[in-house]
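Dear colleague,

Please open it first, and then go through my notes beside it.

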Amino acid sequence: MSEHPEELLPWYANDTLAGEERARVERHLAGCAYCRAELALLQAMRREVKALDAAAPPGELARARLLKEARRSRPPRARWMPVALAASLALVVIQAAVLVSLLPRDDRYAPLGGETAPGVIVQVRFAPEATEREMRAVLGAVNGTIVEGPGALGVYRVRLAAIPPEDGERIAAAIETLRAAAPVVTHVEREP
Amino acid sequence: MNERDPAPEQLIARMARGEERALAEFYDAYHARVYAFALKLVRDRADAAEVLNEVMLEVWRGARQYAGRSRALTWVFGIAHHKAIDRVRRRRDRFEDDAALAAVADDAPAAVDVIAIAEDRDRLRDCLERLSEAHRLVLHLAFFDDLPYPEIAEIIGCPLGTVKTRVFHAKQLLKQCLAGLEARAPSLPSVS
């Protein structure tokens, strides 16, 4: 590498260089066409990285899941906090419930009977490497139909059409069947 | 994230007092950046969402241990780096030898010779995508998150000089690609 301050130019380009390093780069740039071109290329790279790396983050389901899990693993808290925390917890629970209820439904996966079809909904997540064939086998074992998904976390909403909501024993058995399908199935939870 | 978002240090201090609302606010302000960073490493949307969830829980659980020795976001990105690496390790058994990163040809053209080619965004994007994961990761932190090099070194746990030379090498490789020389570094499969 030459005396050109090339290793500092990226941080001049992202505007985080300060003090003597910044002054040194600016002094050099004023008299060096080579480095001005290098800087122009770095600025073009920065613009493209910003466009290329922008990713749509997970949606509200992920947020609701996080807050739910956070409630189960709360950090130690001060003794005077319980009442205030209980109130905020209630708020978060309500928010989570509202968020879940507002989740958009995807008609592409609705069963022919429509959303009003009877049955219990469970949330199922499959392993990333699970094949469609394995997923179909698992769903077939519980007579389940995908009605939505996958969400950002890979969660599918699955309707167990043959089981009435009040039949807790059969629901538990179906959930047990799904859980036994690990590692194809990584998570099963009855939707409230 | 925008300028009206509360400072991450303040939110973490509130989390340390057990305020769940602070976690929700922290998530709203920073989840997109953490997710984009995680996605850069794990390269799978579902895995990146899992990493995001794990990071946010770790921040929540560890808020009391955050000692303020580094900027809060540096601490958070450091957690994300560890979590993402763990997840990649579970998927693969190969990790790059950092020495391989130095095996970059020194005969890259000057930027002035390729800057006109870089105006073709498709070409520039194609060349960025051809870089190794380690190169793209450091470019992400430098140009997507606009972090100073000392913070990047702290996040990925390597010396300051390594961060600077890694971006320099990324630029050299990019110039070679733009010039059609295709003298890419030897297979640099993973992260560091």
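This is a predicted model: local features need pLDDT of at least 70, side-chain atom pairs count only at pLDDT 80 or more; totals for chains, interfaces and linings use all residues.

Residues are numbered from 1 along each chain as its sequence is written, and chains are lettered from A and ligands numbered from 1 in the order in which they are written.

The contact takes 48 residues from chain A and 52 residues from chain B (two residues are in contact if their C-beta atoms, placed from the backbone, lie within 7 Å). On the side of chain B that touches chain A, α2(B) gives the most, with 11 residues; helices here are DSSP runs of H or I with at least four residues, numbered from the N terminus.

The largest nonpolar core has 79 residues, of which B:Ala38 and B:Val76 touch the most other members, and α2(B) gives the most to this core, with 13 residues. Such a core is a set of buried Ala, Val, Leu, Ile, Met, Phe, Trp, Tyr and Cys residues joined through C-beta atoms within 7 Å, where buried means that 20 or more other C-beta atoms lie within 10 Å of a residue's own, exposed that 12 or fewer do, and partly exposed in between.

In α7(B), the buried residues are B:Leu124, B:Cys127 and B:Leu128. The face turned away from the buried side of α7(B) carries the exposed residues B:Asp122, B:Asp126 and B:Glu129. The buried residues of α7(B) pack against α3 (33-53) of chain A, together with α6 and α10 of chain B.

With best wishes

Terms used
Helices (H or I, at least four residues) and strands (E, at least two) are DSSP runs, numbered from the N terminus.
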